[in-house]
Amino acid sequence: MPERFEVGLPDGVRLHVETTGPADAQVTAILLHGWTLDGRSWHRQLDALTEATGGAARVVTYDARGHGRSSCMALPTATLTQLGDDLAAVIDAVAPTGRVVLVGHSMGGMTIMEYAHRHPAHFAARAAGLVFVSTTAEGHTHTVYGLSPRIARLIRLAETTGAGVLARCGSWRPPRALLHALQPSIRWMLFGDRCEPADIRLVTSAVARASLRSIGGFRASFGTQHRLDTLAELAHLPAAALVGDRDRLTPPPCAESIAAVLPATELTVCPGAGHMLMMERPDEVNAALTGVLRRVLAAPPPRRRGATPAGAGG
């Protein structure tokens, strides 16, 4: 059974955190979910990662501010900038020592990039591996929803206008009856050729837990973030990127641009899959995560500053 607890942040927000695996594991993998979702998105990865690494890795998930079982926040803090700061705080709280592998889906991947951008020294001292799942470093540059550019522009205008309205609705949650009626649209937007009914139910349940402030408030910073330059500084880290070729939100060019600036990245394009790869293609996602974790575990831990190399005179 996972251990559940809360991490308090300086502005009073409390994040719901779950951990699986030994607290003294050699490596901690932190899995960050996407927009309007929560930590349950990774349910098909938790046991698989623990078993594949023989208990050498601890797996952590948490609900971002305004999502899932975490508390709501002031509207000005509904930004990727704040999410990057939150990740730094979570790492300090749940993995104060040791190596960390960061795994991000959609908004979660963008959060990792923002953390690396805003806290370069902290990131360099802690991060040992990266996995990007259905995410982007170029805002909405490549997002056309699988439609013509003209229609995509109209959808984006309607989406951003609606987001501004929702952002002012505070901690209210979406009505479940409305979400039930929108399930066909959710299925079209988030999934590819195949979708399990249980996955639609889980996604709908997660959206029902997200505050309207988080649903609307974060949207503006997604479109404007550009972090390819930040990623280019991380080329020395073991990394993987995955995308579905039916992804309407972060299509293959998003992952391809990430892989282009991280030349050692293993890029996986999943035929017929949409945006929810953790659910649609768990075997491929698990293989990528396990591959990065094993590469990190096989590497010698970094030597502490001031430590004397073996055999050196003192």
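Helices (DSSP runs of H or I, at least four residues) and strands (E, at least two) are numbered from the N terminus. By that count, T230 lies in helix 11, residues 228-232.

## Basis and overview

This is a predicted model: local features need pLDDT of at least 70, side-chain atom pairs count only at pLDDT 80 or more, and totals for chains, interfaces and linings use all residues. Residues are numbered from 1 along each chain as its sequence is written, and side-chain values use heavy atoms, with hydrogens and water left out.

The protein chain holds 14 helices and eight strands. Of its 314 residues, 54% are buried. Buried means under 20% relative accessible area, exposed over 50%, and partly exposed in between (1.4 Å probe, protein chains only). Contact means heavy atoms within 4.5 Å. Among contacts between residues at least 6 apart in sequence, 81% join residues at least 24 apart.

## Nonpolar cores

A nonpolar core is a set of buried Ala, Val, Leu, Ile, Met, Phe, Trp, Tyr and Cys residues joined through side-chain atoms within 4.5 Å. The largest has 42 residues. I30, L87, L102, F123, L130 and F132 have the most contacts inside it. Elements giving two or more residues to this core include strand 2 (14-20), strand 3 (27-32), helix 2 and strand 7 (239-244). Helix 2 gives the most, with seven residues.

L102 touches residues from several parts of the sequence, among them I30, L87, I112, F123 and L130; residues up to four places away are not counted. A second, separate core has 41 residues, including V203, A240, V285 and A288. In soluble globular proteins, nonpolar side chains tend to be buried together.

## Helix packing

The axes of helix 2 (residues 80-94) and helix 3 (residues 107-118) come within 8 Å and cross at roughly 80 degrees. Helix 2 is therefore roughly perpendicular to helix 3. Axes are lines fitted to C-alpha atoms, for helices over the stretch in contact; angles run from 0 to 180 degrees between N-to-C directions. Angles under 35 degrees count as roughly parallel, over 145 as roughly antiparallel, 65 to 115 as roughly perpendicular, and the rest as oblique. On the helix 2 side, the contact includes L80, L83, L87 and I91; helix 3 brings residues including M107, M110, I112 and Y115. The contact has nine nonpolar, three polar and three charged residues. Ala, Val, Leu, Ile, Met, Phe, Trp, Tyr, Cys and Pro count as nonpolar, Asp, Glu, Lys and Arg as charged, and the others, Gly among them, as polar.

Helix 7 (residues 183-190) packs with helix 8 (residues 197-209) at about 105 degrees, with axes 10 Å apart. This pair is also roughly perpendicular. Q183, I186, R187 and L190 of helix 7 meet I200, V203 and T204 of helix 8. Four of these residues are nonpolar, two polar and one charged.

## Individual sites

T230 is buried, at 13% relative accessible area. T230 touches M113, A116 and H117, not counting residues up to four places away in sequence. P301 sits in the segment after helix 14 (282-298). P301 is exposed, at 58%. P301 and V27 are 274 residues apart in sequence, but 10.0 Å apart in space, C-alpha to C-alpha.

The whole structure has zero disulfides (pairs of cysteine sulfur atoms within 2.5 Å). C195 is partly exposed, at 25%, while C254 is buried, at 0%.
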